[in-house]
Every structure is written in structure tokens, then in C-alpha cells.
Number of protein chains: 2
Amino acid sequence: MITVAAERELRHAVAKWRGRGERIGFVPTMGALHAGHLSLVELARKHASRVVVSVFVNPTQFGPGEDFARYPRDLEGDSAKLAAAGCDLLFLPEADTIYPPGSTTRVRVEGPSRGFEGECRPGHFEGVATVVAALFGLVRPDVAVFGEKDAQQLALVRALVRDLHLAIEIVAGPIVREEDGLAMSSRNVYLGPQERRAATVLQRSLAAARAAIEAGERDPARLVDRLAAQIAAEPLAHLEYAAVVAADTFRPVERIAGEVVIPVAARFGSTRLLDNARLRVD
Amino acid sequence: MITVAAERELRHAVAKWRGRGERIGFVPTMGALHAGHLSLVELARKHASRVVVSVFVNPTQFGPGEDFARYPRDLEGDSAKLAAAGCDLLFLPEADTIYPPGSTTRVRVEGPSRGFEGECRPGHFEGVATVVAALFGLVRPDVAVFGEKDAQQLALVRALVRDLHLAIEIVAGPIVREEDGLAMSSRNVYLGPQERRAATVLQRSLAAARAAIEAGERDPARLVDRLAAQIAAEPLAHLEYAAVVAADTFRPVERIAGEVVIPVAARFGSTRLLDNARLRVD
């Protein structure tokens, strides 16, 4: 695995591979890598002969008062994990490589940015769309892998690629969970022991929702009411939202049908966690 | 010259050329082509072995009450001129090819969009940046040619390419003028005979400003005052703005130095015309 920080070295390595007819896979991350990230790297290896992983804690997707400064960073650990997972190139850009001096270009994907994370974290998705567009420009992958864990972000990236006609295949990797069902997240390290135990309510409530749909429930309001009640029964959980949305547009559905996502966000103490279930309902 | 409307056919033709190692040049236009556009096609031919020209009157860069509906269209004439000028592929997309159904992605380049056209035409530059990004995604040129006539747009496109790390060389083509000095523009057809004569004041005032700088003037305020007075002396001209700006950022300069642009905009009746002078001042 080679590690590069400069645009020029990145382009050189990627151009060399492409010149040999290789297919370039890309996994953008903010580091603090866990098994969820590594599963995306493995997935990229299945879709490409070379895998580029970026580690960049993107300041523009954090709001004022959010956890940008204390977001977990572990470059040495990340590098070892990526080398072991078969990453070919670790891209570690400085902020002014992503955002050149004088840079004022911003990308927004209005539709899938509406509501949910877009409402709870104003500006977040403009930061995400902008950094993803910049990284796509820098890396120029044939295929890029994103986690289903950040389901609204995934919908946004798919729309961005469609709308800007980028020749990049987007592959989604399923959520990877701890043994007790908690979705893996770099932010799980913020949780105290009691919060950590309480946080499993997200997965339990989503599993119940999935079972209800499989048993025939098609009314999103009734489903969300039950899901919210289950989360409310956990004293350490503070629900921010729960809904049933169409997977592609991330707009709430009136009846549960087609490919839907049930996104939930809740705070446990000062830690916000996301989880979701994804279902195809015929 | 081949003419295509569909994304698929466009990509197929460009991929075929690229597979042979050809370099792809691109000139985006809104049609109603005149000698100014054709000079950009010739310039593209010097920088590439294949030239793609798009004709698309982009609705998102027109404001309410602007001339989108009556913007001159002459597809037959355009097609004949492009074939004669050595265009290899004429791309004639429908709006839903550029903006796929459900498309909500918007690109803005804040810095160079501030002031001047960005102020006179709210939303204009977001429409320009978005359509240019979409066209770049569709065509994937190695080099794209833009006219210096739209100087602020040129600054925006250069910033867009830098900020999104697009591997596209931007080449600028000088303003092409009528015999009496009027800058060629598709909107010149709107001018009545008296307005048409009056409109030459733009070029005359810019020539005087250029001469003043060559004679040593370095104070932008004094230069702009004289330029504005000269335009005001023409009863049919209504000046919207005149300034001295840095060519790259399009921000007004405090002292005339480096590469500067003197943009002017004026109305003649209901027709808005742009012109500018570009100078390198040591």
C-alpha cells in the first residue's frame, strides 16, 4: 500500500493503473476505521482491481458546536488496517488539497438533503456533496463504495452522480453491527457503558419494524408510532426522528411499498447515533 | 459532423475517439452562432483532434422576466456553420438529458459569482455553473473553450474546474467584434438601428480606458469615472456597471496591476449588452 498526500502523486498513481486497463475503486472515509469501513474496502476489491481509500475529516460537513475537533483520529491504526484489508493507495489530503486556496465552489443536492440529517445538521449535506464531488474529481474512480449506514448520504451521492453525469458506479455496503446489534460507527467510542447498552434499542426497534412489515404492515404512521414508543421506553434514548422513506428520494412514503428505508436518529447523552433498516416491499 | 441528442450516443462517440488516443475539445454554446462562437471552435481545433459543440439554451441561467423564450434559435443555420467550421460532433440535448428527472443538484461558485452579472441577474451564475458541470460530465472533454466576452463566466468556469479538480484545460478565446467595434453577441439582433449605432460606445469607452492605462493610469476609480462619463454621453446607453477587477477572482482592484478585466454592462432599450477589456499591467 502506498500513502500519498499530494494531488499530483495521487493522479500519477491512478493514471499508471488506468493506463494498464485497471479498474479503480474508491472508498472515502473520515478515518477512525472499524469493521464497517473495512467491509467497504473488501466490497471495493470485488468491484475493482485497485482500491483507493481516502481519510479526510471534512470540516465543511460539521456544523458549529459539532464534534469536528474531537472526532476520533487514529492514523496509525487506520493505515495498518487498510494495508491488511488490501487497500492499494491511502490518500491523506490536507484541507487545502481538497479545497484549493480561493475555493468557493459548493455543491448541493437539494432533494435528498431535505429533512432528517439535513434538518438536524444544517449545512451538513452541502459539505458532504462538495467534498464527495472534489474527491471524485481528484481520484476519478470507476466505482465508489458507500455504506448503507448513512442512508440519506447514500441517496444524495447516487443523485449527485446521476445529476452531474459522473461515470462512477456507486456500490452500497450493508451495515456492519456489533455482536449485540449496535451499528458500527466511529462515534460509538463517545458512549458511556450505560449509553452503550441503551443504544441497542435502535437495532431492536428496527428489527421489530421489519418484522411488522413482513407480517403485512403497510401504514408508515402506525409503524413509526410503534417504533418511536419502543425507543421512548429506553430512558437513556432521545429520539430525533424516525420515518419510512423511499430509498432513492429519501421522501416519506404514504404507504410502505417499493424500496424503502426506515431511518432513525437518537441521542444517547451527547452522542447522536444513526441506524436504519432497508427493505424491498412488493 | 455527426449530430446527437442522447447521452448514450454522445458517450459512445467520445469513447471511440478517446480509445484511439484522440484529444477531445469542447465548446458549449446556446446557439444562434456568430463569428465569435466559430472562432472558439477554431481555437478548440488547435487544442484537440476532435471538437464537440453543444447547443443548449439553458433555462436555469435565465431569470424570471428574462429572454429565455425569445432567445434567438437557428438550429439549421448553426448546424451548417459548425460543419463548415470543422466541428466533429454537434450535441443537441433535450432539457431532461442535461437535467435528469428528479434532478436537484446545484453548483455555485460563490467568489466569482459575486457582483456584476451575479448581482444584476440573481441565480444566473448558479445556472451557468450547474449546466457547465453537467455538460463537462456528459462530454468529458480534455479541453474546453470559453469566450473572453463573458469574462465573469470565464472566471467562474476556471474556478469551478480548479475547485472540483476536473481534469479539463480551459482555453479562452478573445472577443470577436463587428467592423465598427461592437462585440459580437447573439443578443445584438434585438437592437434597433439607432441602438445598434449607440452600442459602439462600449468598445470606444473601453479603448479609451485601455489607452489611459497604457499612458500610466493606475487608479481604478478615476478610470471608471471617465469610462462611465463617456457612456453617459450616449443618450441611448444606460450603464449598469463598470469596474476594474482581477481577472481570476473578479473582485475590484484597489490599484490597476496584474491581469485585470474592465467589465461593462449597459442597456440599449430593452437589450442588455456586455463588453470588456483585458490587460496585463506590470
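This is a short tour of a predicted model, one selection at a time.

Residues are numbered from 1 along each chain as its sequence is written, and chains are lettered from A and ligands numbered from 1 in the order in which they are written. Local features need pLDDT of at least 70 and side-chain atom pairs count only at pLDDT 80 or more, while totals for chains, interfaces and linings use all residues.

Select residues 2-173 of chain A, then 186-276. These are domain 1 and domain 2 of chain A, with bounds from an automatic or database domain assignment. Their centres, taken over C-alpha atoms, are separated by 26 Å. The contact takes 14 residues from domain 1 and 13 residues from domain 2; contact here means C-beta atoms, placed from the backbone, within 7 Å.

Next, select α5 (110-113) and α8 (151-163) of chain A, the elements that give two or more residues to the domain 1 side. Helices are DSSP runs of H or I, at least four residues, and strands are runs of E, at least two, numbered from the N terminus. The largest share, 4 residues, comes from α8(A).

Move to chain B and select residues 258-268 and 271-281. Strands β10 and β11 pair in the antiparallel sense over 11 bridges; pairing requires at least two bridges found by DSSP. B:I262 stands opposite B:A277. The two strands form a hairpin with 2 residues between them, and B:G269 in the turn has a positive phi of about 65°.

Finally, show both chains. A rotation of 180° with 0.0 Å of shift along its axis superposes chain B on chain A, RMSD 0.0 Å, by least squares on C-alpha atoms of residues with pLDDT of at least 70 in both. That is the relation of a two-fold axis. Select B:V107, the residue of chain B that comes closest to the rotation axis, at 2.3 Å (C-alpha).

Technical notes. Contact = placed C-beta atoms within 7 Å.
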